[in-house]
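Take a walk through this structure. Begin with its division into parts, then turn to the sheet.

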Amino acid sequence: MRTAALSVGFIPLVDAAPLIVAQEMGFAAQEGIALELRRAPSWSSLRDMLSFGQVDAAHMLSTVPVAVAMGLGGGGTPLAAVSVMSVNGNVVGVNRVLEERLRGAGFGFDFFDARAAGVALSQVSDTPLRVGVPFPFSMHAELVFYWLASLGPVAEGQIEIKTVPPPLMAEAIEAGEIDAFCVGEPWGSRTVEKGVGALLLPGAAIWNFAPEKVLAVRQDWAETERSLLFRLIRTVWRAGRWLAEPGSILLATELLSRPAYLDLAPELIERALTGRLTINATGEERDTPQFVEFARGAANFPWRSQAEWIGHQMALRTGHDPAAAREAAAQVYRTDLFRAALKGTSADLPGASSKIEGALDADTAVASAAGRVILCRDRFFDGRTFEPTG
Amino acid sequence: MTGKMSIIVVEADRDRGMQIAEGLQQAGEFDVQVISELTHLAQEIAARQPDIVLIDIANPSRDTLEELALASGPMDRPVAMFVDRSEAGLSDAAIEAGVSAYVVDGLHPARVKPVLDAAIARFRMFQRMRVELAETKRALEERKLIDRAKGMIMKARGVEEEEAYAILRKAAMDQGKRVADVASALVTAAGLLS
């Protein structure tokens with residue numbers, strides 16, 4: 001098989017790991033492709049690079065293909081999410097002033113209970129609470145809204161969401177431009193490392209199984225380049241499985257820390273991969289199950305219901321029609337392409353393409369093509385569930 | 001829409017911003033402002049209500065501009081959009097040159113084109129300058145390394161400069177490496193041993 005080169009864009013984050021591993025560990029070569037990885041300076045740039053054909057595929061916020069389908073933000077080329085590259089992996093943190101106030105109020109920083117953390121935070125923060133997120137249309141923004149809105153007191157004007165690119169989050173906290181943040185690792189750990197912030201919650205504490213990054217391509221490219229697309233999907237899927245093995249952490253950490261990729265100390269990157277995070281300047285550590293998932297629990301399956309949740313939430317927030325948003329969203333998560341690409345591999349896929357989000361209290365076996373596939377706990381912190389239309 | 005089009009150039013490097021502004025002024029009658037202070041970028045742009053915003057693609061603050069699409073309600077000025085459907089090839093050219101443009105919805109493509117053309121020309125020039133600068137710097141550094149390596153070989157082996165270079169070149173050819181890389185390895189190793 002002749003090796004075909006594919007250019008793929010990424011943002012320097014721990015959850016770009018499947019692409020980096022795919023290339024460096026030879027999973028791409030196994031499928032006869034070579035990934036030319038291009039680091040992008042911002043999410044809007046990466047989306048535009050993809051839209052205008054500067055790259056063939058991209059590491060993309062799970063929300064962006066949905067936002068494009070809803071006509072939110074720039075970029076008009078229809079995008080498809082052909083697999084979920086990672087689930088969870090974000091942290092919520094606060095500046096040192098809020099950290100002190102929370103401590104003063106007797107808050108224990110359990111890094112687990114989102115309700116308790118939200119209540120404590122709303123009691124000690126000035127209004128508006130300024131929260132930095134990497135992009136206006138991001139899981140980070142949706143998680144923060146869902147979390148604080150669900151607690152009630154966050155009425156109009158009490159929180160202000162500000163866009164801060166991940167690598168600049170620590171600087172924005174330091175400069176006092178924001179009071180709190182929600183960002184992907186390792187950029188939250190970096191605020192701790194720089195002594196300007198403390199971590200309050202993992203994203204997983206708000207939603208146990210939130211699709212975070214997807215493998216995104218242009219819809220027309222997905223139609224015309226089927227063979228390449230399927231090879232790419234399989235490549236990233238294999239890299240994810242490798243990443244999910246505990247024995248891979250050390251090597252993955254070293255690969256990610258290289259100058260061409262994250263260009264950061266391995267110690268910082270390792271925290272997310274082990275799920276053991278240092279939450280404050282005194283060095284306290286917390287373990288988080290499901291901190292970030294690359295394969296477990298059918299993590300790569302692009303559930304249409306996940307897309308619907310994203311569309312629904314974004315519509316509520318931006319004044320769009322939720323029903324129309326859900327319908328548009330469900331169509332960009334391409335379970336059909338994912339299934340077709342993995343046919344003939346050992347992958348066991350769920351029988352359904354949509355599920356009630358937030359219904360699983362524990363890891364649960366569900367029907368699949370080969371028998372049963374285990375899905376992970378996927379609760380929302382407030383116990384609500386989301387029923388998809390499709 | 002009549003009157004002068006207002007354009008905001010977002011560029012942290014004030015000199016560079018001014019050069020872009022100058023390039024635009026040559027292309028037509030525009031009201032051009034440069035913003036170099038990147039904190040509160042979105043608010044500032046919203047307050048000034050420009051027709052077009054130009055920003056370097058490599059600038060991470062670009063993501064904050066996406067908020068503009070949300071901030072404007074139905075009574076505000078129309079939503080800012082990335083110029084995507086204006087003219088075939090124009091957006092591609094802009095992205096390739098490293099410039100992104102946010103254009104107020106409804107602005108006629110014919111009015112946007114000269115602005116983008118001028119911006120693209122400037123950004124291409126910057127790109128060339130950046131590449132030239134990087135290349136020159138690299139060449140100079142490699143030259144210095146090779147000179148140091150030559151000096152070491154001359155001293156250690158008691159040979160003339162020309163022969164020292166021949167030794168370096170042969171080593172490079174034998175190992176399938178560049179002369180500069182072999183020189184660098186020698187200099188690094190020597191540093192460790194001394």
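Chain A is divided into domain 1 (4–87 + 210–261 + 294–347) and domain 2 (90–209); such bounds come from an automatic or database domain assignment. This is a predicted model: local features need pLDDT of at least 70, side-chain atom pairs count only at pLDDT 80 or more, and totals for chains, interfaces and linings use all residues. Residues are numbered from 1 along each chain as its sequence is written, and chains are lettered from A and ligands numbered from 1 in the order in which they are written.

The C-alpha centres of domain 1 and domain 2 of chain A lie 26 Å apart. Their contact takes 21 residues from domain 1 and 20 residues from domain 2 of chain A. Two residues are in contact if their C-beta atoms, placed from the backbone, lie within 7 Å. On the domain 1 side, α4 (64–69) and α14 (304–318) of chain A are the elements that give two or more residues. Helices (H or I, at least four residues) and strands (E, at least two) are DSSP runs, numbered from the N terminus. α14(A) gives the most to that side, with 4 residues.

Now the sheet. It is open, and 6 strands form it in the order β2-β1-β3-β10-β4-β13 (chain A), with mixed pairing. Two strands pair if DSSP finds at least two bridges between them. β2 (33–39) and β13 (292–293) of chain A stand at the edges with a single partner strand each, so one side of each is left without a neighbour in the sheet. β1 (residues 4–10) of chain A pairs with β2(A) in the parallel sense, over 7 bridges. There, L6(A) stands opposite L35(A) in β2(A).
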